[in-house]
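Biologist: I would like to learn how to read a model of this kind, feature by feature. Please take each idea in general and then show me the case.

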Amino acid sequence: MSWIFLIFGGLFEVSFTTCLKLSQNFSDWRWSIGFFISITMSFLLLNKAIQTIPIGTAYAIWTGIGAAGTAIVGMLIFKESTETLRLIFITILIGSIIGLRLVSKS
């Protein structure tokens, strides 16, 4: 169950960064509320996950999901660069996240 908490915590990290961008420096209250709800959920789920998953592993995976997910959202929604090297490094990041899960003992 801890791994599920960690994955959803990472997805809420993607949500809070997306809401942060859409809030326009917290001037749009709807996206600002979404940001605060998402960041709270993200940290609560990370906290729940580290009760059984080693903190170094959990944090690396949580931030990796957030970084890769946010980069993908940036490319799909905000029309950010999709140059080949960027896609290669995001793929390596996702592979590293999967690798950490596979070698984890919990």
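Biologist: Where is Ser2 placed?

Modeller: This is a predicted model. Ser2 belongs to helix H1, which covers residues 2–22.

Biologist: Is Ser2 buried or exposed?

Modeller: The general idea is a cut-off: a residue is called buried when its relative accessible area is under 20%. Ser2 has 14%, so it is buried.

Biologist: Which residues does Ser2 touch, not counting those up to four places away in sequence?

Modeller: Here a contact is a pair of heavy atoms within 4.5 Å. On that basis Ser2 touches Lys48, Ala49, Thr52 and Ile53.

Biologist: Now the overall layout. How many helices and strands does the protein chain have?

Modeller: There are four helices and zero strands. Read from the N terminus, the order of elements is α-α-α-α. The C-alpha trace spans about 45 × 35 × 15 Å along its principal axes.

Biologist: What share of the residues is buried?

Modeller: Of the 106 residues in the protein chain, 35% are buried. The accessible surface amounts to about 6600 Å², and carbon and sulfur atoms account for 72% of that.

Biologist: What do the contacts say about separation in sequence?

Modeller: Take the contacts between residues at least 6 apart in sequence: 64% of them join residues at least 24 apart.

Biologist: How is a helix length checked, with H3 as the case?

Modeller: The expected span is 1.5 Å times one less than the number of residues. Helix H3 runs over residues 55–77, and its 23 residues should therefore span 33 Å; the end C-alpha atoms are 32 Å apart, which agrees. After H3 comes Lys79, with a positive phi near 55 degrees.

Biologist: Which residues form the largest nonpolar core?

Modeller: A core in this sense is a set of buried nonpolar residues joined through side-chain atoms within 4.5 Å. The largest one has 10 residues: Trp3, Leu6, Leu46, Ala49, Ile53, Ala58, Ile61, Trp62, Ile65 and Ile97. Two or more of these come from each of H1, helix H2 (29–49) and H3. H3 gives the largest share, four residues.

Biologist: Take Leu46 from that list. Why is Leu46 called buried?

Modeller: Leu46 lies in helix H2. Its relative accessible area is 11%, and it therefore counts as buried. Apart from neighbours within four places in sequence, Leu46 is in contact with Leu6, Ala58, Tyr59 and Trp62. Leu46 and Trp62 are 16 residues apart in sequence, while their C-alpha atoms are 7.3 Å apart in space.

Biologist: What can be read from phi in the loop between H1 and H2, starting with Gln24?

Modeller: The point to look for is a positive phi in a residue other than glycine. Gln24, in the loop between H1 and H2, has such a value, near 55 degrees. Phe26 is found in that loop too, and its phi is also positive, near 65 degrees.

Biologist: How do Gln24 and Phe26 stand in accessibility?

Modeller: The cut-off for exposed is over 50%, and partly exposed lies between that and buried. Gln24 is at 56%, so it counts as exposed. Phe26 is at 38% and therefore counts as partly exposed.

Biologist: Last, how far apart are the mean positions of the positive and negative charges?

Modeller: The protein chain has 7 positive and 4 negative charges, and their mean positions are 11 Å apart.

How values were computed: Residues are numbered from 1 along each chain as its sequence is written. This is a predicted model: local features need pLDDT of at least 70, side-chain atom pairs count only at pLDDT 80 or more; totals for chains, interfaces and linings use all residues. Side-chain values use heavy atoms; hydrogens and water are left out. Buried means under 20% relative accessible area, exposed over 50%, partly exposed in between (1.4 Å probe, protein chains only). Accessible areas come from the Shrake-Rupley method with a 1.4 Å probe; for residues, only the protein chains shown count as cover. Lys and Arg count as positive and Asp and Glu as negative; His and the chain ends are not counted. The place of a charge is taken as NZ of Lys, CZ of Arg, CG of Asp or CD of Glu.
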